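Subject: Structure handover and notes

Dear colleague,

I am passing on the structure below, together with notes on what was found in it. Please read the notes with the model open beside them.

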Amino acid sequence: MGSTSKNRLQVKREAYEWHLLLLNNEAVSVEDRRRFETWLAQDPGHRAAYDRASVAYLALGTLEPAQIDSDVLVIDSKEAPDFASGRLSRLLRGLAARPASYGIPFAAAIAGLAVFLVLQPERTPPAEAFVTVQPDVSTYETARGELQEFTLNDGSSVTLAPASVLRVTMSQDSRHLSLTRGAGQFHVAKDAQRPFTVAAGHIRATALGTVFEVRNNGGALRVAVEEGRVEFSRPKIIAGKETDLLQTVTLTKGEYAAAQVGSPYETFGAISLDEVAAWRRARLNYESATLFEIVADANRYSQIPIVVAGDQRKLADFRVAAYFDANNLDEMLAIFPALFPVDIDVSDSARILVRIQ
C-alpha cells in the first residue's frame, strides 16, 4: 500500500520506525532488509520521508522539546511496520546505552523516545471520532491590479493583494490556509479548538487571536503582526534538507519575520503598524528587498509583464530599502537604474525588459 492511500503522518511514523530499526545493523535481519526495500519501492514519498527522518534524528539531541514537531514523537505502533514492538523497545534502549557511537545528546533523545514509545497508553477514541467529515476546501484568487476581501466560513476575513492565490482547508480540528502567491491580510475569528495556520513556502504562521499579514512574493516570505500574537515557524534545515524539527518564534504587535525560499536563515525586527499590509493603500515598501521581489510585486499591478534578463546570480545578494507607489510604475522603473546595476528596455510593446548589466 503506497503513501497515496495513507495520510502523511502515517508515512512519517513508518519512516521514523524504519530509521530506528536500521540504526543497529546487528539487530537487522535479511527479512527486515527485504521488507524495508519493499516499503521504499511502494511509493517515491517513502524514500523522501525516510531521508527526512534520518536527518531529523541527527539533530534531535541538540534541540529543546518545544522545538520538535509533535509528529516526530507521536508514533502509534498500530500504524507502524509490522515488526514486534517489544523488539523495537529493546533496540531503542540499546541505542540509548551507546553514547560512544551516537553521542550523548543523541542517546538521551533516543532514550526519551524509547520511553514514550513503550509507555504510551492505549487510547480509545470517542465514538464521534469515527464519524468522518470531509474538509471544506476553497480557493480564492485575485486578478492583476485587483484588491479583494473575502469572508471565510469560520467568520475570519481575508484581504488579498493583487494577483494572489490562497487555498483554504477547513476541517473539524484545523483551519489551514496556503498562500501560494502574493500577499494577504488575515483577521482571525477566535476558535480555540481549531488552529488557524497560514503556510507560505516553507514558513508557517499560526494565529493566537490576531490580525496579521503573510507575503509570498518573488522568493521572499514574510509575516508581520498588526494586532495580537502569531507563532512563526519553519523546518530546521540540515545539510540543505528540510526536517520535521521546527524552529518557532512568537511574534507580537509591530514585529515581523522574513525568510527567503531555499535559505536556512530568517530575519526578525520591528515594523510600523502603518507598514503592515501597506499594499492595501497601493504602497510598496521595502526595508531589505531584492530586485526580484520588487519586480514580482510590480507585476501584480502592471498590465505589461516586467521581465528580468541576464545573470540573476549577480544580484542574488543585492538588497535595497525603497518605497514605491503601485499606481505609478513608470516612476518605479525610472528609479531602478539608480538602485540596481540594470538597464530598462521598453522597445517591445509586449513586455518591459529589466536587463542586468
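A143 has a relative accessible area of 42%, so it counts as partly exposed, where buried means under 20% relative accessible area, exposed over 50%, and partly exposed in between, all with a 1.4 Å probe and protein chains only. Before going further, please note that this is a predicted model, in which local features need pLDDT of at least 70 and side-chain atom pairs count only at pLDDT 80 or more, while totals for chains, interfaces and linings use all residues. Residues are numbered from 1 along each chain as its sequence is written, and side-chain values use heavy atoms, with hydrogens and water left out.

To return to A143, this residue lies in the loop between strand 1 and strand 2 (148-151); helices (H or I, at least four residues) and strands (E, at least two) are DSSP runs, numbered from the N terminus. Leaving aside neighbours within four places in sequence, A143 is in contact with P162 and A163, a contact being heavy atoms within 4.5 Å. The C-alpha atoms of A143 and A163 are 4.8 Å apart, although 20 residues separate the two along the chain.

A163 itself sits in the loop between strand 3 (157-160) and strand 4, and it counts as buried because its relative accessibility is 12%. Its contacts, again leaving aside neighbours within four places in sequence, are T142, A143, R144, R181, G182 and R300. With R300 the separation in sequence is 137 residues, yet the C-alpha atoms are 5.2 Å apart in space. The phi of A163 is near 50 degrees, which is a positive value in a residue other than glycine. Most residues other than glycine have a negative phi. A282, in the loop between strand 13 and strand 14, is also not a glycine and has a positive phi of about 60 degrees; A282 is buried, since its relative accessible area is 12%.

Strand 1 (residues 136-141) runs antiparallel to strand 4 (residues 165-170), with six bridges between them, and T139 has R167 in strand 4 as its bridge partner. Strand 4 is in turn joined to strand 5 (residues 175-187) by six bridges, also in the antiparallel sense, with L166 opposite L179 of strand 5. Four residues lie between strand 4 and strand 5, which form a hairpin.

E213 deserves a separate look. This residue belongs to strand 8 (residues 211-217) and counts as buried because its relative accessibility is 1%. Its side chain makes a polar contact of 2.8 Å with the side chain of W279, and it also reaches the backbone nitrogen of A277 at 3.1 Å; a polar contact is a pair of N or O atoms within 3.5 Å, of which, within protein, one must be able to donate a hydrogen and the other to accept it, and residues adjacent in sequence count only if both atoms are side-chain atoms. Not counting residues up to four places away in sequence, E213 touches G184, Q185, R222, V223, A224, V276, A277 and W279.

The next item is the second largest pocket, whose volume is about 410 Å³. A pocket here is an open set of points on a 1 Å grid over the protein atoms alone, where a 1.4 Å probe fits and protein lies on both sides within 12 Å along at least five of seven lines, and lining residues have an atom within 4 Å of a point. Grid points are joined across faces, edges and corners, and the volume is the space filled by probe spheres set on the points. The lining comprises 19 residues, with A258, T267, S288, E293 and R319 nearest the centre. Two or more lining residues come from each of strand 9 (220-227), strand 12 (255-260), strand 13 (266-270) and strand 14 (283-289), and strand 14 gives the most, with five.

Finally, helix 8 (residues 291-299) is mostly covered, nine of its nine residues being buried. For the chain as a whole, there are nine helices and 18 strands, and 46% of the 357 residues count as buried.

With best regards

Conventions: Pairing = 2+ DSSP bridges.
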